[in-house]
Amino acid sequence: MSLFRLDASILPATSSSRALGDLVEAEWLSAHPDSTVTRRDLAADPVPATAWQDAVTAGFTPPENLTEGQLAATALARTFADELVAADALLFTVPLYNYGVSQHFKTWFDLVYTDPRTSPTGTALQGKPATLVTVLGGNYAPGTPKEGWDHSTGWLTRALQDVWGLDLRVVTRPFTLVGVNPALDAFTDAAAELKADAEVAAVRSGRELAELRGAGTAA
């Protein structure tokens, strides 16, 4: 049994997304204590910005003309895809940054997307159980002043669930900047309730991942 975990927060010591991911992982390990957890920390080990370009251009470059950069990029894409394909379940913790997708995650995804198994025509991840944990500094829910400003969660869900075909559950926690940004002090009680709700959802998601994969293994 194995779990692949990817973290994208650039502030690991105070990361709300990683804290929720820890709850998911703890439930997985409680059910599968002897399983392996493969970790990829995109903040500590970011994907080179040129890797995607090199991997894409390698696809239409004669083998004898491939550059060192192209060879390295395709090898890295293969490694990333290997990690996903080999795992029994997947966990992604990805914060909203500046109203959009984390550049660390987007660079990683674009590179993985060049591997045939995880490309637009690949089906290697179809049906694999996965959890996406995402956190937002503010609140962009319907009816809020900044409704529609979250350009990350929808894209992440589309990429993981619809493009890769993962059996995805999403854990979201808004208002993580309450207590950090004084302008949000009025939302202290609401933020505390949303945090508690997210923690419950994270625990539930971890149990579901473990149960789904356990049932699949038994079958």
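Colleague: Which residue in E6 is the bridge partner of Leu90?

Modeller: In this predicted model, Leu90 has Ala130 of E6 as its bridge partner. Further along, Phe92 stands opposite Leu132 in E6.

Colleague: What makes strand E3 and strand E6 a pair?

Modeller: Two strands pair if DSSP finds at least two bridges between them.

Colleague: What is the strand order of the open sheet?

Modeller: The order is E2-E1-E3-E6-E7, an open sheet of 5 strands with parallel pairing. Strand E2 (36–41) and strand E7 (167–173) are called edge strands because each pairs on one side only. From one strand to the next, the twist averages 15°.

Colleague: Why is E3 described as largely enclosed by the rest of the structure?

Modeller: Of the 5 residues of E3, 5 are buried, so the strand is largely enclosed by the rest of the structure. Both of its faces are covered: Ala89, Leu91 and Thr93 are buried on one side, and Leu90 and Phe92 on the other.

Colleague: Which helix lies across E1, E2 and E3?

Modeller: That is helix H3 (residues 68–86), which runs at about 145° to E2.

Colleague: Let us turn to the annotated site. Which residues does UniProt list for "binding site"?

Modeller: The unreviewed UniProt entry lists Ser9, Ser15, Ser16 and Ser17 under that heading. The lining of the largest pocket includes Ser9, Ser15, Ser16 and Ser17. The annotation may be inferred rather than shown by experiment.

Colleague: Why is Ser9 called buried?

Modeller: Buried means under 20% relative accessible area. Ser9 has 4% relative accessibility, so it counts as buried. Ser9 is found in the loop between strand E1 (2–7) and helix H1 (16–31). Leaving aside residues up to four places away in sequence, Ser9 touches Ser15, Ser17, Arg18, Ala43, Thr93, Pro95 and Tyr97.

Colleague: Are Ser16 and Ser17 buried or exposed?

Modeller: The cut-off for buried is under 20%. Ser16 has 18% relative accessibility and therefore counts as buried; Ser17, at 1%, also counts as buried. Ser16 lies in helix H1, and Ser17 is found in helix H1. Not counting residues up to four places away in sequence, Ser16 touches Val135, Arg173 and Thr176, whereas Ser17 touches Ser9, Thr93, Val94, Pro95, Val133 and Val135.

Colleague: Why does His104 count as buried?

Modeller: The relative accessibility of His104 is 17%, and the limit is under 20%; His104 therefore counts as buried. His104 is found in helix H4 (residues 103–112). Beyond residues up to four places away in sequence, His104 touches Ile10, Leu42, Ala43 and Pro46.

Colleague: Is Gly138 buried or exposed?

Modeller: At 12% relative accessibility, Gly138 counts as buried. Gly138 lies in the loop between E6 and helix H5 (153–163). The C-alpha atoms of Gly138 and Pro174 are separated by 5.8 Å, with the residues 36 apart along the chain.

Colleague: Why is Glu211 called exposed?

Modeller: Exposed means over 50%. Glu211 has 56% relative accessibility, so it counts as exposed. Glu211 is found in helix H6 (residues 188–218).

How values were computed. Residues numbered from 1 in each chain as written. Predicted model: local features only at pLDDT ≥ 70, side-chain atom pairs only at ≥ 80, totals over all residues. Heavy atoms only, no water. 1 Å grid on protein atoms, 1.4 Å probe; cavity = no way out; pocket = protein on both sides within 12 Å on 5 of 7 lines; lining within 4 Å. Helix = DSSP H or I, 4+ residues; strand = E, 2+ residues; numbered from the N terminus. Buried < 20%, exposed > 50% of the residue type's maximum accessible area, 1.4 Å probe, protein only. Contact = heavy atoms within 4.5 Å. Axes fitted to C-alpha atoms, helices over the stretch in contact; angles between N-to-C directions.
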